[in-house]
Amino acid sequence: MPLVQIALRAGTTPEYRAALADAVHRAMVEAIAIPADDRFQIITEHAPANLLYDPHYLGVHRSDRVVFIHITLSHGRKPQQKRKLYKRITELLAQSPGVPPNEIVIVLSETAWENWSFGNGDAQYMDT
Amino acid sequence: MPLVQIALRAGTTPEYRAALADAVHRAMVEAIAIPADDRFQIITEHAPANLLYDPHYLGVHRSDRVVFIHITLSHGRKPQQKRKLYKRITELLAQSPGVPPNEIVIVLSETAWENWSFGNGDAQYMDT
Amino acid sequence: MPLVQIALRAGTTPEYRAALADAVHRAMVEAIAIPADDRFQIITEHAPANLLYDPHYLGVHRSDRVVFIHITLSHGRKPQQKRKLYKRITELLAQSPGVPPNEIVIVLSETAWENWSFGNGDAQYMDT
């Protein structure tokens with residue numbers, strides 16, 4: 001049910017990005033019970049001039065290793081589940097591919113359950 | 001009023017993508033009464049490593065022909081209108097450019113009517 | 001707190017895009033009191049076939065200089081603040097880098113305050 005968009009600087013290896021996407025997905029499975037096969041992710045790579053971030057906002061240091069993670073998901077997670085998700089994403093990304101926790105910016109956009117079609121023109125979550 | 005983002009694998013022709021964008025727009029006009037000239041679409045093309053999808057989630061088969069369609073639109077469509085939209089998108093994309101219905105993933109993100117400016121710094125939907 | 005996505009045609013200079021991003025950020029600071037160091041922006045450049053817009057919707061003329069600005073921000077701005085934001089973005093972009101007001105399309109997507117993590121896996125806006 002989530003659509004995950006990951007934006008980072010160009011210049012990483014496919015292996016690095018695969019590990020990044022894997023870790024974000026695994027964190028969602030572990031922290032907010034996303035089904036293991038509910039995986040839809042888009043990674044975009046950007047030139048320095050096209051990915052802009054403040055290096056110190058809220059006292060967190062950020063560098064060119066910064067990763068923006070924008071997750072569109074259905075409504076219903078409680079604040080503590082969201083908190084757990086942020087923690088788990090940063091823990092797993094620190095393990096592999098080794099993104100420091102201070103480099104990870106996350107935003108969630110919530111949408112209605114009826115707002116998804118996973119193929120065949122069906123509204124799978126409206127019908128079940 | 002909608003902003004449509006279409007993501008797919010790199011390697012298609014401009015003609016293919018034009019037909020894809022046309023069909024999505026036409027489906028919106030037919031299914032949810034979007035004005036014919038209310039068309040704003042961004043197509044992004046991705047390397048295999050950067051567009052990740054589960055090949056079987058919810059029993060729908062997906063391949064490298066998968067297309068993600070993310071539509072930001074104003075609030076107010078009823079569930080049955082959304083259902084009609086999903087159906088019409090898959091019908092029209094099957095006709096041209098020939099995307100199989102199982103390859104089409106759709107998500108809607110709804111926003112307030114006042115959240116749009118279509119130029120000149122005006123909030124056209126707030127004022128009318 | 002906002003994540004700003006700016007989409008435009010390929011073919012501009014880095015200086016043009018830097019001025020564009022600066023102006024959008026400054027407008028947010030001036031019009032809706034975004035902190036000066038709360039800046040997270042992604043600029044994407046698109047081939048003509050991949051950025052589609054109606055040239056006359058709602059009577060506003062648009063050309064290949066069109067700029068789509070999609071801002072994800074926390075809930076709570078009143079309609080008049082949003083109106084002020086649209087005006088200020090177009091005023092500042094007209095000054096530098098010189099984007100005509102008719103070329104600027106803006107959409108806001110609002111999200112909960114708890115839906116942000118600015119690093120370290122913390123939910124900074126949930127805790128303060």
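**Close-up 1. A:Ile106 faces C:Ser117 across a strand pair.** In this predicted model, A:Ile106 stands opposite C:Ser117. C:Ser117 belongs to strand E6 of chain C. That strand covers residues 116-117. Its partner is E5 of chain A. The two strands pair in the antiparallel sense, over two bridges.

**Close-up 2. Chain A meets chain C.** Chain A brings 32 residues to this contact. Chain C brings 28 residues. On the chain A side, four elements each supply at least two residues: strand E3 (51-53), strand E4 (67-74), helix H2 (79-95) and strand E5 (104-111). Which element gives the largest share of this side? It is H2(A), with eight residues.

**Close-up 3. The chain A side of the contact, sorted by residue type.** Look again at the side of chain A that touches chain C. Its residues divide into 18 nonpolar, seven polar and seven charged.

**Close-up 4. Chain C laid on chain B.** Two copies of a chain are related by a rotation about an axis and a shift along it. Here, a rotation of 120 degrees superposes chain C on chain B. The shift along the axis is 0.0 Å, and the RMSD is 0.0 Å. Why do these values matter for naming the axis? They give the relation of a three-fold axis.

**Close-up 5. C:Ser109 beside the axis.** Which C-alpha of chain C is nearest the axis? It is that of C:Ser109, at 4.8 Å from the axis. The copies use different surfaces: 3% of the contact residues of chain C recur in chain B.

Methods: Residues are numbered from 1 along each chain as its sequence is written. Chains are lettered from A and ligands numbered from 1 in the order in which they are written. This is a predicted model: local features need pLDDT of at least 70, side-chain atom pairs count only at pLDDT 80 or more; totals for chains, interfaces and linings use all residues. Two residues are in contact if their C-beta atoms, placed from the backbone, lie within 7 Å. Ala, Val, Leu, Ile, Met, Phe, Trp, Tyr, Cys and Pro count as nonpolar, Asp, Glu, Lys and Arg as charged, and the others, Gly among them, as polar. Two strands pair if DSSP finds at least two bridges between them. Copies are superposed by least squares on the C-alpha atoms of residues with pLDDT of at least 70 in both.
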